[in-house]
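I opened this notebook to keep track of what I looked up in one structure, entry by entry.

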Amino acid sequence: MNSLDQSRRAADRAARESYGRLVALLSSITRDVASAEDALAEAFSAALRQWPAQGVPRNPEGWLLAVARRRLIDSSRRRGTNERFQEHLKLISEELDAERQTSREIPDRRVALMFACAHPEIEPAIRTPLILQVILGFTAVAIAAAFLVPPATMGQRLARAKARIKQSGIPFAIPERADLPDRLDAVLQAVYAAYSRDWAEAGEGSAGRLSEEAIWLGQVMAELIPDEPEVKGLLALMLFLDARRNARSAPDGSYVPLDDQDTALWNLSQIRQAEALMKDANRMEGSGRFQIEAAIQSAHVARRLYGLDNWSDIVALYDVLFALAPTPVVALNRLVARARIYGAKAVLDEIQEIGADPRLVDYQPYWAARGTLLAEAGRNLEAREALTAALGLATDEAARDFLQRRIARLPGTPERT
């Protein structure tokens with residue numbers, strides 16, 4: 001591998017593993033998220049210019065931090081020269097030097113920055129998107145698609161929110177207990193969105209960066225806020241799902257649905273951790289969305305491990321979840337669970353009704369579920385249409401192969417020549 005390729009790979013790895021941490025550290029000192037992002041972008045650009053000739057440094061994170069710091073200081077100097085500004089420049093330099101000297105590792109300020117992004121000064125609707133971009137590296141285009149907003153509109157909202165953090169001097173800190181309820185939900189939603197994206201796309205069986213980061217952030221929050229049941233609920237939910245990761249793919253890489261998975265491949269240590277977290281959460285006051293979702297996954301685990309026919313319990317939990325979060329995705333999962341008790345024909349009319357929601361038009365799991373239920377009801381032509389729509393929306397190769405095989409098994413499907 002030549003030096004250019006090595007440099008690009010090292011820069012890509014640093015971007016994947018360290019971008020959020022570097023932005024959080026730089027902006028926690030300057031209170032200027034946009035400037036921190038700009039300085040870090042310039043640092044990465046400098047790395048791609050210098051590393052091929054000079055070699056990849058032994059500590060790429062430290063190199064990027066040092067360059068970004070210099071860019072921040074130079075930018076600040078260009079914007080002002082008064083005594084107060086000079087004091088601010090000195091503070092930036094001293095704090096970053098102190099951070100570097102007190103630990104070999106770059107301090108992780110991501111949790112504090114997430115709560116800054118969820119501050120009451122920030123418009124509620126933009127809090128979760130802001131966390132997804134600043135901390136977890138989602139692009140404005142990807143966020144816009146997830147929230148059904150034009151990319152230009154989302155970009156403007158994100159820019160305004162970052163400016164608000166700077167103008168209002170929002171502190172980068174875990175809020176007091178009394179202030180948590182107004183800010184915690186956006187943080188938890190962002191962490192789960194990151195995990196869900198990786199879960200949906202990682203069909204090859206190995207954990208991706210976003211899922212690992214999401215679980216790590218959940219663990220950090222569970223330690224920092226031990227008395228908040230929804231934090232434990234979210235972490236339990238992610239661990240239940242992650243425990244099944246290695247069973248989702250066959251040795252040939254093909255996708256394996258839950259009912260066909262080899263439970264011997266499930267990670268029992270993660271399952272036990274998740275169950276313990278649920279028990280701790282249930283001892284506390286209140287029951288939120290993530291606790292209910294974790295309970296649903298616990299019921300799935302018990303059903304597969306012990307052969308329990310507990311679909312009625314799962315439906316009851318979905319009823320509770322739908323009352324808390326009446327989203328079209330929850331409605332879809334609730335109907336799929338009800339089909340296990342009452343049969344596919346009993347829910348198809350409702351499946352079609354929720355399909356009128358524009359948020360489900362490009363939601364691949366909706367079309368996959370609809371096609372599967374139509375096939376179970378013997379409506380093969382409609383099933384083929386729905387499964388073909390799901391195939392067109394699938395981005396994971398294992399999922400695409402699974403859908404193609406399912407379509408091929410439908411009666412009346414022409415044989416390939």
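**Entry 1: a serine to start from**

In which helix is Ser 298 found? I looked it up and found Ser 298 in helix H13, where helices (H or I, at least four residues) and strands (E, at least two) are DSSP runs, numbered from the N terminus. Before going on I noted that the model is predicted, that local features need pLDDT of at least 70 and side-chain atom pairs count only at pLDDT 80 or more, while totals for chains, interfaces and linings use all residues. I also noted that residues are numbered from 1 along each chain as its sequence is written, and that side-chain values use heavy atoms, with hydrogens and water left out.

Ser 298 is buried, with a relative accessible area of 12%; buried means under 20% relative accessible area, exposed over 50%, and partly exposed in between (1.4 Å probe, protein chains only). Leaving aside residues up to four places away in sequence, I found that Ser 298 touches Phe 240, Glu 275 and Met 278, where contact means heavy atoms within 4.5 Å.

**Entry 2: the whole chain**

I then stepped back and recorded that the chain has 19 helices and zero strands. Of its 417 residues, 49% are buried. Among contacts with a separation of 6 or more, 66% are between residues 24 or more positions apart.

**Entry 3: H11 against H12**

Helix H11 (residues 229–243) and helix H12 (residues 268–282) pack at an angle of about 160°, and their axes are 8 Å apart; axes are lines fitted to C-alpha atoms, for helices over the stretch in contact, and angles run from 0 to 180 degrees between N-to-C directions. That angle makes H11 roughly antiparallel to H12, since angles under 35 degrees count as roughly parallel, over 145 as roughly antiparallel, 65 to 115 as roughly perpendicular and the rest as oblique. The crossing of H11 and H12 is left-handed, a term used if the near helix is turned anticlockwise from the far one by less than a right angle, with right-handed used if clockwise.

Gln 219 and Lys 232 are 13 residues apart in sequence and 8.5 Å apart in space, C-alpha to C-alpha.

**Entry 4: H13 against H14**

Returning to H13, I found that H13 and helix H14 (residues 311–324) pack at an angle of about 165°, with their axes 9 Å apart. H13 and H14 are therefore roughly antiparallel to each other, and H13 passes H14 in a left-handed crossing. Among the residues in this contact are Ile 292, Ala 299 and Arg 303 of H13, and Trp 311, Leu 317 and Leu 321 of H14. By class, the contact of H13 with H14 has 11 nonpolar, one polar and three charged residues.

**Entry 5: salt bridges**

Side chains of opposite charge can pair when their charged atoms come close. I recorded 15 salt bridges in the structure, a salt bridge being a side-chain nitrogen of Lys or Arg within 4 Å of a carboxyl oxygen of Asp or Glu.

Arg 303 and Asp 259 meet through their side chains in one of these (3.2 Å, N to O). Arg 303 lies in helix H13 (residues 289–306) and Asp 259 in the loop between H11 and H12, so the pair ties together parts that are 44 residues apart in sequence. Arg 303 counts as buried at 10% relative accessibility, whereas Asp 259 counts as partly exposed at 31%.

Arg 283 forms a salt bridge with Asp 280, and their closest N and O atoms are 2.5 Å apart. Here Arg 283 is exposed, with a relative accessible area of 64%, and Asp 280 counts as partly exposed at 29%.

Terms used:
Nonpolar A, V, L, I, M, F, W, Y, C, P; charged D, E, K, R; others polar.
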